[in-house]
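This report describes how neighbouring helices pack against one another in one chain. Two packed helices are described by the angle between their axes and the distance between the axes.

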Amino acid sequence: MLVVPFSMGMNVGAFVCSCADTCELDLEGVRDGVRDVEVVASSSHLCDDGLPAMAHLVEEYDLDQLLVTTPEPRCQDAIRETAVAEGIHPEATAFVDHREGAAWVHDRASATEKTARLLNARRAGLDHEPVSRTVSRDAGEAVAVVGDPETAAALADTADVTLIANGRDFDDADVDLDGVDLARGRVVDVVGEYGDFELELRARVTEDCISCMDCVREGPDGLVTRRPVDVDPAAEPGEWTDCCPVDAIDLDGVERTVRADQVIFPGATGRARGGQIGLYTGPVDGATVAAVEDLLGGVEKPKHLDLEMDVCAAGDSSQVGCTACTDACPHDAVGRPHVDEVEFDPVACQDCGACTSVCPTGAVTLRDPSNERIAREVEALLDPGTEDDGLLGGLRGDDTGIETPVIAFVCSERADDALSRYGRLAREDDDLRYPPVLPVSVNCTDTVGEAHAMHALAAGADGVAIVGCGGDCLHSGPDPKAELVRRLDRATGDLGLGERVTFLAPEPGDPKAFVEELSRFVVELDPTPIPAGEHDATGTVRGDKPNPPFNSHDWALESVRVILDHVDPDREVIRGLTDFGWMEVSDACNFTPTCSNLCPTDAIRRTDDGDLQFNHEDCVNCGLCEDGCPETAITMRDGLDLSRLPENRGGERWETVYEGEMRACVRCGKPFASEGTAQHVAETVGDVVEGVAPHGEHSVFDYCADCRATLLFEEGGH
């Protein structure tokens, strides 16, 4: 094992393996490229004869965190066991795929450079791993299964199962339903959440039925079921309805409610496009049964979201504001209990990140990976190092491995599995090799928003590939990022960069299509004018803002400003960035305080001189001012208008969008209302208060509130 010590004061060790020389890597080159660790070592067979040397280095350098290159589960187990034996926490060993994701799909130089960059990115991410937190919910073991006797029988031994007929007849069901409760009726609606679902059923036979079968014998053929007994809605009334000895037939329909902790309703259309915890509406298989059994009795799971609702733009004063998170969530985990509130269900959250990527204010953020962690990994992947410090710069030159750095945000579910399969296939077929994109693992491509892509470009990426599920996304359905890519390419075009973003959906069975599409995208990219390795994002625009760092709006704006230092934009207004907008105000404005009171980011203010002012830098384009304006005087325009940013206005953040005139009190001289507001009030209620101060020299609307009260008191003394 070859070892290179560092003097960084960090207790992190990096270990590189060539997998018994099956990986075409320059191990020395990888070691030279790794930074910010206590020690870096390499071996040809780390998980076997390299383990004693690794254990020795753990002790010698007092390591408490390991970074290791191997995607193989058996090797990971062996390495983790050795680390634990040396006193390292079981979760303190992180692994990097240098094989299927690098050496088997790229040439030697590219794989060497990419492996070093992957280790650097993983190292950068370690500083932003969150403290583990959990959420929980108690639930019972009641499961309602709609129309599926096989699934009901499969769950009967572990759950309290109610099989809802939904119009079916289970008399000849070839399964054992002895441990299952049968419920007659058709499902009208399903409401509730995991642990507290309600199914509304409608039947034409009451619960007084004794299953005597008289109605089956006397009723219309094929329209009365035997088990459970129920009458089809198509059955017409007739004398046969009098046959029931207990008067249980009710053709007008009877309703009942069945409560359950979980619901299996095959073929139904769920409320949430990506599925809802405890409610299963798709095809049922063994995985469905296992998922139900896993949730019996309650659930404890990681807490996926951090919330700072004091900066939320959902609305105010019964006015609907930003609806981005509720519109985006595919799992019905975000609701609106009131028109001006949002409420998150942390148990229902499935960690896709859809709400966080669209939230402009940072009110909701993913805990892991956080936006800051993603930013640091992107920056580490793109940092080429320098020849002077012997890092990645030493790998560049005539033998450059990565000539076109492309950041790939890769879904950790299907897409990651597909790329791993491609790597295995590439061991047999060199035609499956593809350009060395730099992967950043995300929970789902829903995590990726406009701020992530703009930051990658600001950090020096030539392009951005969003790599998601082939076919339908597990969370958001088919082609989930088409709209985002379209908007981002419009924004990069307006900035003068040309189109630099794509969405790819690798199908496990069609690797060549992915290789061709990715290769075409990379080949068509021009070198970026933005240098790599020079931008360390802060995720903010000003230190005095209450919004958390790396919120979508501020992070995107910071990135655009970095890009503007190196480009000549084609347009003054950058389209496609939805977190930015500016307001136009018509003469209908009466200078009421509604817009400034409603604005969640304080981007609107009124001056003592009667002017309405707007701050484009802080506006998140929620539309609350436009929707709440009582005079409908405000129109919001989409886009980032560069001319309205303070750096292009001599540092001034505020601009006057409506010049008003304040009415001064005729007694004390204090300005108390805009002329428009005063006139509007006088026109609206003037006839109602006419004559209340007959001896006053002026209209009551010419006095401020204090002086008006004094006037009315004086008038009362006459």
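## Packing around helix α13

In α13, the residues E450, A453, M454 and L457 meet L484, R487, L488 and T492 of α14, where contact means heavy atoms within 4.5 Å. By class, this contact of α13 with α14 has five nonpolar, one polar and two charged residues; Ala, Val, Leu, Ile, Met, Phe, Trp, Tyr, Cys and Pro count as nonpolar, Asp, Glu, Lys and Arg as charged, and the others, Gly among them, as polar. The model is predicted, with local features needing pLDDT of at least 70 and side-chain atom pairs counting only at pLDDT 80 or more, while totals for chains, interfaces and linings use all residues. Residues are numbered from 1 along each chain as its sequence is written, and side-chain values use heavy atoms, with hydrogens and water left out.

Helices are DSSP runs (H or I, at least four residues) numbered from the N terminus, and axes are lines fitted to C-alpha atoms over the stretch in contact, with angles from 0 to 180 degrees between N-to-C directions.

| Helix pair | Angle between axes | Axis distance |
|---|---|---|
| α13 (residues 450-458) and α14 (residues 482-494) | roughly 40 degrees | within 10 Å |
| α11 (residues 371-382) and α13 | about 25 degrees | 10 Å |

Definitions and conventions:
Helices (H or I, at least four residues) and strands (E, at least two) are DSSP runs, numbered from the N terminus.
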